[in-house]
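User: Could you take a close look at one part of this model for me? I'd like the ligand site and the loop beside it in the sequence, with the cut-offs spelled out.

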Amino acid sequence: MGRLVMCDHPLIQHKMTIIRDKNTNTKQFRELVDEVAMLMAYELTRELPLEDVKVETPVAEATGKRLAGRMIGLIPILRAGLGMVDGVLRMIPSAKIGHIGMYRDHNTLQPVEYYISLPKDVEERELIVVDPMLATGGSAIAAIDMLKKRRCRPTKLMCLIAAPEGVKAVQEQHPDVDIYLAALDERLNEHGYIVPGLGDAGDRLYGTN
Ligand code: PRP
Ligand code: URA
């Protein structure tokens with residue numbers, strides 16, 4: 001089964017409280033999602049493989065470290081996942097970005113796919129799927145399915161908030177994917193919203209409610 005990793009750094013927890021607050025405006029919300037994504041990317045990359053490399057300092061030769069292994073691809077699920085891209089890119093500037101467009105049908109809560117665009121070398125990259133909300137898990141599962149069908153290697157799913165139902169569903173369907181969260185909430189309500197959650201992430205990011 002994939003790991004469930006809680007990113008519980010104090011800065012993340014502090015910012016998450018402001019993100020949740022219904023009085024936080026669109027500008028602040030967008031900035032904070034960006035900042036939390038950056039901090040989570042720091043945690044998520046903690047175990048990246050390294051190799052030794054020689055470097056000439058102005059004084060002598062030194063042995064340093066550099067990142068080894070597969071290059072990273074970042075896959076935001078539109079729309080709300082876009083709000084996390086710039087923050088992650090500040091930590092991993094060489095990542096290439098693929099986009100998956102998907103929205104939840106309000107009645108059935110089933111994901112509806114409408115777009116996919118991936119970097120040319122996506123099969124060679126280790127992929128991180130990002131979306132602020134993991135509710136039923138339907139969107140994340142469908143996005144990971146779409147990637148695997150194209151022989152890609154999604155290994156990590158990074159979300160701000162999840163419901164236990166969504167975590168369980170992803171772990172069952174994709175046991176090879178680790179899940180990184182800033183918060184694990186209580187449950188879903190009858191409309192499929194995370195309780196207490198933060199409301200509709202896309203609407204709060206883009207001011208569309
Ligand atoms: C939200 C969110 C996830 C999905 C989570 O997107 O950003 O993609 O819901 O719900 P699930 O786990 O039950 O699938 P939404 O459908 O609101 O689309 P949007 O980002 O375009 O607003
Ligand atoms: N999508 C959201 O944006 N918020 C939720 O609580 C659930 C799904």
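**Around ligand 2**

Analyst: Ligand 2 is surrounded by Arg 104, Met 133, Ala 135, Gly 192, Tyr 193, Ile 194, Gly 199, Asp 200 and Ala 201, each with a heavy atom within 4 Å of the ligand. Keep in mind that this is a predicted model, where local features need pLDDT of at least 70, side-chain atom pairs count only at pLDDT 80 or more, and totals for chains, interfaces and linings use all residues. Side-chain values use heavy atoms, with hydrogens and water left out; residues are numbered from 1 along each chain as its sequence is written, and chains are lettered from A and ligands numbered from 1 in the order in which they are written.

Now the backbone pairs. An oxygen atom of ligand 2 lies 2.8 Å from a backbone N or O atom of Ile 194, and a backbone N or O atom of Ala 201 is also 2.8 Å from an oxygen atom of the ligand. On the nitrogen side, a polar backbone atom of Gly 199 is 2.8 Å from a nitrogen atom of ligand 2. On its own, ligand 2 has 240 Å² of accessible area, and the protein covers 88% of that (Shrake-Rupley, 1.4 Å probe).

As for the loop, Gly 197 is found between β13 (194-195) and α6 (201-206); these are DSSP runs, with helices being H or I of at least four residues and strands E of at least two. Gly 197 counts as buried because its relative accessibility is 4%, buried being under 20% with a 1.4 Å probe and protein chains only. Leaving out residues up to four places away in sequence, Gly 197 touches Arg 20, Ile 161 and Asp 185 (heavy atoms within 4.5 Å).

Definitions and conventions:
Buried < 20%, exposed > 50% of the residue type's maximum accessible area, 1.4 Å probe, protein only. Polar contact = N/O pair within 3.5 Å; in protein donor to acceptor, adjacent residues only side chain to side chain.
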